[in-house]
Structures are given as structure tokens and as C-alpha cells.
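This report describes selected features of one protein model. Please view the sequence and structure below before reading on.

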Amino acid sequence: MVIKNYEEKYKENIIDLILDIQNNEANINLSIEEQPDLLDVEKYYLINGGQFWIAVDEKDKVIGTIAYMAGENNYGILKKFFVDKNCRGKGIGLELYKNLLRYANKKSCKGLILDTPSVAEDSHRFYEKAGFRKISKEELPIKYYYPNRNSYIYILFL
């Protein structure tokens, strides 16, 4: 497994992985149209000081993703954190997350915000173990848009 910065050549593989997890595993029914950031990673992440990483296997297939979106007031937003179901439990998610944390610290980020579907119980355990705490929408320190699919919001102060 190798972690790389986003490259356009992986775009379709990234979209396939994420939509499969969202819609076939979690049954969230999110369309690609509801996620314009996946169609233009450069615009939504890279140009504004964010980053998007992928984990690829030995065949150069995308098996994981994570993204850092620069938010207002020096907050970061953790986005698109997914690992292929056949690759979970092998430390890939942890390595992607550590990569994001290093980047956030380098950017002197105050904290990380994320949203996750209420049905994603494994994700909740990961975030809570990593020190995130669940908050209400009213507790958000910045304006934050997310597709409301019965989601929980988490924050981690750095």
C-alpha cells in the first residue's frame, strides 16, 4: 500500500470506491451530483489550501481515500474518508488519517470537523477513539454545509 496525493488519473476509481461504500454498504443513496467535490478535487480542495490523498494497492488500484478541506477561521474539514471493505483492519485508514493530521498540524489548524452518517457505527468508534467528540450543528464554530442524511457531526481540537 502506498499513500499518494490526488492525481486526476485516479478520479473514476475514487468515485467508484466512494459511491460503492456510500450506497451499497451504508445505503445512504448519495449521488455524484450531490458531491461536486469529487468531480473537481482541485477546485474544492487543492486550490484553497486543502489536500486529497489516496491509498493504492500493488496493482495501483485505489483502496482508500481521505481529504482535508480548508475551512474558515483556520479549521479543517475531514472529508471523504473511505477504505475498501476488503482492505479494512490492515492499518490503511490509520495511515491515511495520520497523513491528514500531519498536514493539519503543518497548517496550524485549530481543529478538525467532520460529518458521518448515523449508521456508520465503525466510523463513530474510530473517530471517538481518535479524540473526536460528537457535537450539535449549533455548536459548530464555522459555517459548514453537508448533505443531511441523518448525520452526526464531530470535532477534534488540535
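## Salt bridges

A search across the whole of this predicted model identifies nine salt bridges. One of them joins D60 and K4, whose closest N and O atoms are 3.2 Å apart. This pair links distant parts of the chain, since D60 is in the loop between β2 and β3 while K4 is in strand β1, 56 residues away. Both partners are partly exposed: D60 has a relative accessible area of 32%, and K4 has 24%.

A second salt bridge connects R88 with E25, with 2.8 Å between the closest N and O atoms. R88 is in the loop between β4 and α4 and E25 is in helix α1, so the bridge ties together parts 63 residues apart in sequence.

E95 and K98 form a salt bridge with an N to O distance of 3.6 Å. Both residues belong to helix α4 and are three residues apart, about one turn of the helix. E95 is partly exposed at 32%, and K98 is partly exposed at 36%. Elsewhere, salt bridges with shared partners join K4, K9 and D60 into one network.

## Positive phi angles

K80, in strand β4, has a phi near 50 degrees, a positive value in a residue other than glycine. K80 counts as buried because its relative accessibility is 12%, under the 20% limit.

S108 also has a positive phi, near 55 degrees. S108 is placed in the loop between α4 and β5 and counts as exposed at 53% relative accessibility.

## A buried histidine

H124 lies in helix α5 and is buried, with 8% relative accessibility. Beyond its sequence neighbours up to four places away, H124 touches T116, P117, S118, Y152 and Y154.

Conventions
Residues numbered from 1 in each chain as written. Predicted model: local features only at pLDDT ≥ 70, side-chain atom pairs only at ≥ 80, totals over all residues. Heavy atoms only, no water. Helix = DSSP H or I, 4+ residues; strand = E, 2+ residues; numbered from the N terminus. Buried < 20%, exposed > 50% of the residue type's maximum accessible area, 1.4 Å probe, protein only. Contact = heavy atoms within 4.5 Å. Salt bridge = Lys/Arg side-chain N within 4 Å of Asp/Glu carboxyl O.
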